[in-house]
Amino acid sequence: MPHRFKPGDHVTWNSEAGHVSGTILKVHEHDFPWKGHTRHCTPDDPQYEIKSDKTDHVAMHKGGALRRLKP
């Protein structure tokens, strides 16, 4: 199981534009609509809502795609 993150954690992930960093805003543990699609998640496999540090874009990722940054 991937590492658990919590709101406020600073993380990085790989995107088409290279490595991006941001702050987790919310943890989703149940299926929910996102940009016209259903995002599937469970308490054991949550999805994380993350705000990019540089662009303020909000992205959604599973824990396996994320790596915690040191404070």
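User: Which residue does the side chain of Asp45 meet in a salt bridge?
Analyst: This is a predicted model in which residues are numbered from 1 along each chain as its sequence is written, and side-chain values use heavy atoms, with hydrogens and water left out. Local features need pLDDT of at least 70 and side-chain atom pairs count only at pLDDT 80 or more, whereas totals for chains, interfaces and linings use all residues. A salt bridge is a side-chain nitrogen of Lys or Arg within 4 Å of a carboxyl oxygen of Asp or Glu. With a separation of 2.9 Å, N to O, the partner of Asp45 is Lys62.

User: How many residues apart in sequence are the parts that the pair of Asp45 and Lys62 ties together?
Analyst: Strands (E, at least two residues) and helices (H or I, at least four) are DSSP runs, numbered from the N terminus. Asp45 lies in the loop between strand S4 (37-39) and S5, while Lys62 lies in strand S6 (residues 58-62), so the parts that the pair ties together are apart in sequence by 17 residues.

User: Does Lys62 count as buried, partly exposed or exposed, and what is its relative accessibility?
Analyst: Buried means under 20% relative accessible area, exposed means over 50%, and partly exposed lies in between, using a 1.4 Å probe and protein chains only. Asp45, with a relative accessible area of 28%, is partly exposed. Lys62 also counts as partly exposed, its relative accessibility being 32%.

User: Which three residues are linked in a network of salt bridges?
Analyst: The count of salt bridges in the structure comes to 5, and one of them joins the side chains of Asp9 and Lys6 at 3.2 Å, N to O. Asp9, in the segment before S1, is buried at 7% relative accessibility. The network links Lys6, Asp9 and Arg68.

User: How far is the side chain of Asp9 from the backbone nitrogen of Lys6?
Analyst: Contact means heavy atoms within 4.5 Å, and, not counting residues up to four places away in sequence, Asp9 touches Gly22, Thr23, Ile24 and Arg68. The side chain of Asp9 also reaches the backbone nitrogen of Lys6, at a distance of 2.9 Å.

User: Which residues make up the largest nonpolar core?
Analyst: A nonpolar core is a set of buried Ala, Val, Leu, Ile, Met, Phe, Trp, Tyr and Cys residues joined through side-chain atoms within 4.5 Å. The largest such core has 9 residues, namely Phe5, Val11, Trp13, Val20, Ile24, Tyr48, Ile50, Ala59 and Leu66. Two or more residues come from each of these elements: strand S1 (10-15), strand S2 (18-28) and strand S5 (47-52). Among the members of the core are Phe5 and Tyr48.

User: At what angle do the ring planes of Phe5 and Tyr48 lie?
Analyst: Rings of Phe, Tyr and Trp (its six-membered ring) pair if their centres lie within 6.5 Å, with planes under 30 degrees apart counted as stacked, over 60 as edge-to-face and the rest as tilted. The structure holds 2 aromatic pairs. The ring centres of Phe5 and Tyr48 are 5.4 Å apart, and the pair is edge-to-face because the planes lie at 85 degrees.

User: What separates the C-alpha atoms of Phe5 and Tyr48?
Analyst: Phe5 lies in the segment before S1 and Tyr48 in strand S5, so this pair ties together parts that are 43 residues apart in sequence. Both residues are buried. The separation of their C-alpha atoms is 8.0 Å.

User: Which side chain of opposite charge is nearest to Glu49?
Analyst: Glu49 is found in strand S5, where its side chain makes a polar contact with the side chain of His28 at 2.6 Å. A polar contact is a pair of N or O atoms within 3.5 Å; within protein, one must be able to donate a hydrogen and the other to accept it, and residues adjacent in sequence count only if both atoms are side-chain atoms. For charge, Lys and Arg count as positive and Asp and Glu as negative, while His and the chain ends are not counted. Glu49 is buried yet has no salt bridge, and at 5.5 Å the nearest side chain of opposite charge is that of Lys26.

User: What is the phi of Lys35?
Analyst: Most residues other than glycine have a negative phi. Lys35 is found in the loop between strand S3 (32-34) and S4, and at 59% relative accessibility Lys35 counts as exposed. Although Lys35 is not a glycine, its phi is positive, at about 50 degrees.
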